[in-house]
Amino acid sequence: MKKVLVLTSSRADFGIYFPLLTKMKASKKIDLSILAFGTHLSKFHGYTLDQIRESGLEVDYTISSLVLGDTAGDIANSYALTAQKFADFWSLHSNDFDLVFVLGDRFEMAAAVSAGIPFNINFAHIHGGETTLGAIDNIYRHSISLASKWHFVSLTDFNSRLESILDNKDNIYTVGALSLDNIKEIPLLGLDEFHTKWQINLAKPTILITVHPETVASAINKFYAEELYKSLSVLANDYQLVITMPNADTLGSLYRAQYDKLKKDFTSRVFLIENFGTSSYLTAMKYASLMLGNTSSGIIEAASFQKFVINIGDRQKGRKAGDNVYHVIFNSEAIIQAVKDIENKTYQGENIYHKGDAADQIIQVIEKL
């Protein structure tokens, strides 16, 4: 059996991993272990370690390494502490696994990977080759790719970019977006069931909102957060606003403060969610009128639900997007106008990230290694 370790640092990457994890667990050729760290162990971010266990998967290892706070210094210290703790972990377990899966572009994941380089860990990277120019995650993503020996990318465009980054064509597989397997395999909630669980009636006109800080030009986030509040305070008169909270990025507290203010101003029309979980998040996406924010889920998953998306700012700049995505600047008037332009419309095109059964394709590669 292949001994495989999967590193998961947040609710976001666990949701993407989930179809792959369940198939690894069922495989007779793979001995799966899971290591949870990052915001999974943060009560401030919903302590999503419980979400992994409730899904029927076991957590074999945990590493707690996040420093409280969201200044640049706090993020740098969290990176350093994560790297230090993973150095200790790899020194004990460097020979225990045939393959270690890592996903995406988070600083915590990059720290875990960087600590494993001297130990020659056999990393396999999911979602490499992509570009997000408005986030320092772009740098972390490419550094993870450079440290990895196996690569599972979502589009052929990213395959080509990854080849240029690595100066190597070996061991790169285009499998589509893994998260799209969830839409087919995870049961979604009905409207009544969702209302019972979250006290949110998705039968009402709803905007699903996820906005994370822009971490390249972080100083401007105060202005961006204020512009976002201005736009949402207008949209709240016509729509119910379901807001998922920012992840552990530099100055995420600025957006949280504006959301808290918005909740006080529109108590019955604004809902702040720390952690939906995959099933509830996809349910909200299915029934929402549209999506608004700067998250990869709007770029990758929304088209599968025939939803239009308003992508704000530069965080996702450079990432290939379908025709359902409208790109606007961080300006309240531009955001409001974009909503007017797409309201009551349904996207009829395809999802460019869908290739079908990404988890099965990855499993096939693993079992043949």
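1. The contact between helices α1 and α14 involves Pro19, Leu20, Lys23 and Met24 on the α1 side. Their counterparts in α14 are Ala359, Asp360, Ile362, Ile363 and Ile366. By residue class, this contact comprises 7 nonpolar, no polar and 2 charged residues. The model under discussion is predicted.

2. As to geometry, α1 spans residues 11–26 and α14 spans residues 358–368. The two helices pack at an angle of about 45 degrees, and their axes are 9 Å apart. The pair is therefore classed as oblique, since angles under 35 degrees would count as roughly parallel and those from 65 to 115 as roughly perpendicular. The crossing of α1 and α14 is right-handed.

3. The model also contains an open sheet of 7 strands with parallel pairing. The strand order is β3-β2-β1-β4-β5-β6-β7. At the edges lie β3 (61–63) and β7 (172–174), each of which pairs on one side only. On average, and with direction ignored, neighbouring strands of this sheet are turned by 20 degrees against each other.

4. Within the sheet, β1 (residues 2–8) and β2 (residues 30–37) are joined by 7 bridges in the parallel sense. In this pairing, Val6 has Ile34 of β2 as its bridge partner.

5. Helix α1 links the two topics of this note. Besides meeting α14, α1 packs on the sheet, where it touches β1, β2, β4 (99–103) and β5 (123–126). The direction of α1 makes about 165 degrees with that of β1; angles over 145 degrees count as roughly antiparallel.

Methods:
Residues numbered from 1 in each chain as written. Predicted model: local features only at pLDDT ≥ 70, side-chain atom pairs only at ≥ 80, totals over all residues. Heavy atoms only, no water. Axes fitted to C-alpha atoms, helices over the stretch in contact; angles between N-to-C directions. Helix = DSSP H or I, 4+ residues; strand = E, 2+ residues; numbered from the N terminus. Left-handed = near helix turned anticlockwise from the far one by under 90°. Contact = heavy atoms within 4.5 Å. Nonpolar A, V, L, I, M, F, W, Y, C, P; charged D, E, K, R; others polar. Pairing = 2+ DSSP bridges.
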